[in-house]
Amino acid sequence: MGRNPNRNPNQTDCCNPVKKPGPVSIDHVLLALRETKEERDVRIRSLFSFFDAANLGYLDCAQIEAGLSGLQIPAGYKYAKVLLRDCDANRDGRVDYQEFRRYMDDKEMELYRIFQAIDVEHNGCILPEELWDALVKAGIYFHFLTSFYLGFFEFFPNWVFYFVDFLLLY
């Protein structure tokens, strides 16, 4: 699909390109989110504390399930067991803050790499055309995609997708 002829040519002025060379690091994530290390620390600590409602200093499967339930994520999705498996580096059946933090670092860098791959113009935001191309390349069902794309972008022709929005998908 070609570029949208109705797109505002100045649309990318509001984007936040990360002009940091080298492999993806937390510094790239911070720049893309326009977040300081301290703000990120508070955000991740707050998320851990949300799950650790009993203030035990660690998360177990029951706490993760309760937290996911509080986020309206049904238990049937088995995210709690997957999160526990992926975070619990020492395999003690618990996730302490440092394990959770390493998981968040790795996951946010992974998502940033994916975001970069979709952001082919490397302007710090995903344009509708870039999203279309990425979904088609990923083999997303064409009729659904066409309906979504045409319906959504007909009403929001100047829409862009920032990295912070991308994080919310995970």
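Predicted model: local features only at pLDDT ≥ 70, side-chain atom pairs only at ≥ 80, totals over all residues.
Glu108 counts as buried at 3% relative accessibility, where buried means under 20% relative accessible area, exposed over 50% and partly exposed in between, with a 1.4 Å probe and protein chains only. Residues are numbered from 1 along each chain as its sequence is written, and side-chain values use heavy atoms, with hydrogens and water left out.

**A network of charges**

Side chains of opposite charge can pair when their charged atoms come close. Here a salt bridge is a side-chain nitrogen of Lys or Arg within 4 Å of a carboxyl oxygen of Asp or Glu, and the whole structure has 8 of them. The partner of Glu108 is Arg40, with the closest N and O atoms 3.0 Å apart. Because Arg40 belongs to helix α2 and Glu108 to helix α5, the pair ties together parts that are 68 residues apart in sequence. Arg40 is buried too, with a relative accessible area of 1%.

Arg101 and Asp41 form another salt bridge, and their closest N and O atoms are 2.7 Å apart. Arg101 lies in helix α5 and Asp41 in helix α2, so this pair ties together parts that are 60 residues apart in sequence. Arg101 is buried, at a relative accessible area of 17%, whereas Asp41 is partly exposed at 32%. Salt bridges that share partners join Glu35, Arg40, Asp41, Arg43, Arg101, Asp105 and Glu108 into one network.

| Salt bridge | Closest N and O atoms |
|---|---|
| Arg43 and Glu35 | 2.8 Å |
| Arg40 and Glu108 | 3.0 Å |
| Arg101 and Asp41 | 2.7 Å |

**The chain as a whole**

Helices (H or I, at least four residues) and strands (E, at least two) are DSSP runs, numbered from the N terminus. The chain has 8 helices and 4 strands, and along the sequence they follow the pattern α-α-β-α-α-β-α-β-α-α-β-α. Of the 170 residues in the chain, 37% are buried. A contact means heavy atoms within 4.5 Å; among contacts with a separation of 6 or more, 55% are between residues 24 or more positions apart. The accessible surface of the chain comes to about 10,500 Å², and carbon and sulfur atoms hold 58% of that surface. Accessible areas come from the Shrake-Rupley method with a 1.4 Å probe, and for residues only the protein chains shown count as cover.

**Aromatic rings**

Rings of Phe, Tyr and Trp (its six-membered ring) pair if their centres lie within 6.5 Å; planes under 30 degrees apart count as stacked, over 60 as edge-to-face and the rest as tilted. The whole structure has 4 aromatic pairs. One of them joins Phe50 and Phe51, whose ring centres are 5.5 Å apart and whose planes stand at 85°, so the pair is edge-to-face. Phe50 is partly exposed at 39% relative accessibility, while Phe51 is buried at 7%. Tyr112 and Phe115 form a stacked pair, 6.4 Å centre to centre with 20° between the planes. These two are 3 residues apart in helix α5, so about one helical turn separates Tyr112 from Phe115. Both Tyr112 and Phe115 are buried.

Phe48, Tyr97 and Phe100 form one aromatic cluster. Tyr97 also has a charge over its ring: Arg45 lies over the face of Tyr97, at 3.5 Å from the ring centre. Arg94 lies over the face of Tyr58, at 3.9 Å from the ring centre. For such a charge, NZ of Lys or CZ of Arg is within 6 Å of the ring centre and within 35 degrees of the ring normal.

**Surface and loops**

Phe50 returns in a nonpolar surface patch of about 240 Å², made by Leu47, Phe50 and Leu71. Patches are made of residues with over 30% relative accessible area and no salt bridge: like charges are joined within 9 Å, nonpolar side chains (Val, Leu, Ile, Met, Phe, Trp, Tyr) within 5 Å. Leu71 is in the loop between α3 (61-70) and α4 (79-87), and is partly exposed at 44% relative accessibility.

Most residues other than glycine have a negative phi. Arg34, which is not a glycine, has a positive phi of about 55°. Arg34 is in the loop between α1 (26-33) and α2 (37-51) and is exposed at 56% relative accessibility. His122 also has a positive phi, near 50°. His122 is in the loop between α5 (97-118) and β3 (125-126) and is exposed at 55% relative accessibility.
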